[in-house]
Amino acid sequence: MKKILIVEDEKDIHELIVYNLKQEGYELLSAFTGDEGLEKAISTKPDLILLDIMLPIMNGLDVCRELKANDKTTHIPIVMLSAKNEDVDIITGLELGADDYITKPFSPRVLIARIRTILRRGEQSKDTDSKVIKLGDLIIDVGRHEVLLNKKSVGLTLTEFQILIILANRPGWVYSRAQLIDELREGHHVITDRAIDVQITNLRKKLGEFGKYVETVRGVGYRMRENI
Ligand code: CA
């Protein structure tokens, strides 16, 4: 049974989420402040976290930052819950490594669809194949969700990891932002081009020197350099 941690201080919304997700058969954990959410995420290692941005004691962005900086929790997908006027925070959240966001008020149906898509992506990257991709000093173990650069582990979020796999699977091949969005989301909902750019920027940063091989093709999209 998949475990989902809900970090949301607004009781009505919290209860609504619990009610709907319970019916879908998920195991649910609750936190009502940022620090409680952080603590529960670390101690229970859920399969996914729904994280409100405006939270008491510690806000959602700080929680996200801490979780993504922690090797033990960096792989856990985070869906940010935001109010309508929090666009800047959404971009910050994505920059910090959140995988997705949903704007309040949302319909339970949309929330469930979003959760399913993300959990399925996690499954795929775990199960599909035990393939290992090698590009110069970079080794991607697809099955184990592990990236080694000069034999050192690189902590990537699920989305960064999947973008890397898509590009690394076909070096030299240019992917448009729309194609990347399709591959990531399976067409379930819209994610912006800007979000893809943010993910690529994060990925490059984490890959350090190797990041330069993730090339921008002006006006078209992104590719992994051939002949590394
Ligand atoms: Ca709130």
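**View 1. Strand S4 is mostly covered.** Five of the five residues in S4 (residues 78-82) are buried, where buried means under 20% relative accessible area, exposed over 50% and partly exposed in between, with a 1.4 Å probe and protein chains only. Strands (E, at least two residues) and helices (H or I, at least four) are DSSP runs, numbered from the N terminus. This is a predicted model: local features need pLDDT of at least 70, side-chain atom pairs count only at pLDDT 80 or more, and totals for chains, interfaces and linings use all residues. Residues are numbered from 1 along each chain as its sequence is written, and side-chain values use heavy atoms, leaving out hydrogens and water. In a regular strand, side chains alternate between the two faces of the sheet. Here Ile78, Met80 and Ser82 point one way from S4, while Val79 and Leu81 point the other way.

**View 2. Meet the neighbours of S4.** Strands pair if DSSP finds at least two bridges between them. S3 and S4 run parallel, joined by four bridges, and aspartate 52 has leucine 81 in S4 as its bridge partner. Four bridges also join S4 to strand S5 (residues 100-103), again in parallel. Look for serine 82 opposite threonine 103 in S5.

View 3. Asp9 (OD), Glu10 (OE), Asp52 (OD) and Met54 (O) coordinate the calcium ion at 2.1 to 2.9 Å. Donors are N, O and S atoms within 2.8 Å of the metal (3.2 Å for Na, K and Ca); water is not among the atoms, so sites may look incomplete. Glutamate 10 is partly exposed at 37% relative accessibility, and methionine 54 is exposed at 54%.
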